[in-house]
Amino acid sequence: MKDLTPAKPTLDPIEIASRDEIEALQLSRLKWSLNHAYDNVPFYKKAFDDAGVHPDDLHSLSDLSKFPFTVKTDLRDNYPFAMFAVPRDQVARIHASSGTTGQPTVVGYTQNDLDNWGTVVARSLRAAGLKRGDMLHNAYGYGLFTGGLGIHLGADTLGVATVPISGGMTPRQVRLIEDFKPNGITVTPSYALSILDEFANQGLDPRACSLDVGIFGAEPWTNAMRVEIEQAFDMHAVDIYGLSEVMGPGVSMECVETKDGLHIWEDHFFPEIINPETGEPVADGEQGELVFTSLTKEAFPIIRYRTRDLTRLLPGTARSMRRMEKVTGRSDDMIILRGVNVFPTQIEEVLMATPGLAPHFQIELSKPDRMDQMRILTEAADDSVSDDARAAAGKALSAGIKQSIGISSAVDVGPVGSVARSEGKAVRIVDNRPKS
């Protein structure tokens, strides 16, 4: 693969600032953000007052633990605009979740928020190795979802030409990659696999295409998946993280020269890791639930937002800012099966190490009697795999899951294309258990 290491002089000064400088800036901005939320969002005034805290009680970064959490239901309960901290005529853009599991969560941005968003996404794209004059194939969804337009905003800021193809129409994705010859692609890792399948369908070699780097996010994915994608495309694969409640894509980014976790842009977002059961902060290096507080957002400040993503904080390497380890799963995606905690990424790791199987899979949960049952639906790596070989691969996967995770599971290995494909975030779990 090509050497895409960005030159040091292109970095923003804050990216290589000392920890003392970063923390001094964070404390100043955190005081502003708490006051801004308290003075302008009735929800936060009530939440702070009920907890017996005031923004003036923040004297150090550790004092943030005195303040209450914000959770997704708080946003839904204040639908549509009650969480906004500026008058409606100062809101320059509105995004929202799909609302498939309840009332949509709505977020807003002032023009200054959009400028800051463009800055952190541009910083992220540059960390991936892209530079002014490059071309980016943006296959994140456009619309109310923050992915497509957020990446586009950062590409404009960096000076990268964007192909705003969005998701879907996979044959056209491959056609435009072949014809336009972009340097990079932004896409969910599961949809990248669908694009890879389409290269094969069209008889094209993905390793011969122009892509130097793939920037993947919006769902957890493993390092084993990284290796699979890098070898298939002969390109670098790096992780980007964000969520609409905090800003959108570009909250943190993996640097192409190290690929050792995602540097959080700590001048705009303050991270904490908490014990997901007790809510108590844990030390850097310990795994727990990721919590974010915005430091510069005007339209939609967010205070101690519980992301439900599980990770840990690590010291900076390629940048001074702390890293978050690749998200291993979400606390609300965790499967508790016969007393064992299971995450889809654990299944993916075993699957990727099992010969003869494609990286596509889905977990089906059922409860035909008193016991929960798990079935893994996957497929053969290619059409040449015989029925006997498919059966053997299924047994190997089942044994690998038993050995590494400690649970028994059935495995169905279908022919190529039998597992449902996603054009956005993959649906990994289908829960057919009776609702209690």
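This is a predicted model: local features need pLDDT of at least 70, side-chain atom pairs count only at pLDDT 80 or more; totals for chains, interfaces and linings use all residues.
Helix 7 gives the most to the lining of the second largest pocket: six residues. The pocket holds about 380 Å³ of space. Its lining counts 21 residues. Nearest the centre lie Leu 196, Asp 197, Ala 200, Ala 381 and Val 416. Helix 7 spans 189–201. Other elements that give two or more residues to the lining are helix 8 (223–233), strand 18 (357–366) and strand 19 (373–380). By class, the lining has 12 nonpolar, six charged and three polar residues.

Stay with helix 7 and look at a helix it packs against. Helix 6, residues 170–180, meets helix 7 at an angle of about 75°. Their axes are 9 Å apart. Angles from 65 to 115 degrees count as roughly perpendicular, and helix 6 and helix 7 are therefore roughly perpendicular to each other. Which residues make the contact? Helix 6 brings Thr 170, Pro 171, Gln 173, Val 174, Ile 177 and Glu 178. Helix 7 brings Tyr 191, Ser 194, Ile 195, Glu 198 and Phe 199. Six residues of this contact are nonpolar, three are polar and two are charged.

Now follow the pocket lining to its strands. Glu 379 stands opposite Gly 414 of strand 20. A helix also covers part of this sheet.

Strands of a sheet pair through backbone hydrogen bonds, either parallel or antiparallel. Another sheet shows the antiparallel case. Four strands form this open sheet, in the order 10-11-12-15, with antiparallel pairing. Strand 10 (269–274) and strand 15 (329–330) each have a single partner strand, so one side of each is left without a neighbour in the sheet. How many bridges join strand 12 and strand 15? Strand 12, residues 305–311, pairs with strand 15 over two bridges, in the antiparallel sense. Leu 310 has Gly 329 of strand 15 as its bridge partner.

How values were computed:
Residues are numbered from 1 along each chain as its sequence is written. Side-chain values use heavy atoms; hydrogens and water are left out. On a 1 Å grid over the protein atoms alone, a cavity is a set of points where a 1.4 Å probe fits but cannot get out, and a pocket is an open set with protein on both sides within 12 Å along at least five of seven lines; lining residues have an atom within 4 Å of a point. Grid points are joined across faces, edges and corners, and a volume is the space filled by probe spheres set on the points. Ala, Val, Leu, Ile, Met, Phe, Trp, Tyr, Cys and Pro count as nonpolar, Asp, Glu, Lys and Arg as charged, and the others, Gly among them, as polar. Axes are lines fitted to C-alpha atoms, for helices over the stretch in contact, and angles run from 0 to 180 degrees between N-to-C directions. Angles under 35 degrees count as roughly parallel, over 145 as roughly antiparallel, 65 to 115 as roughly perpendicular and the rest as oblique. Contact means heavy atoms within 4.5 Å. Two strands pair if DSSP finds at least two bridges between them.
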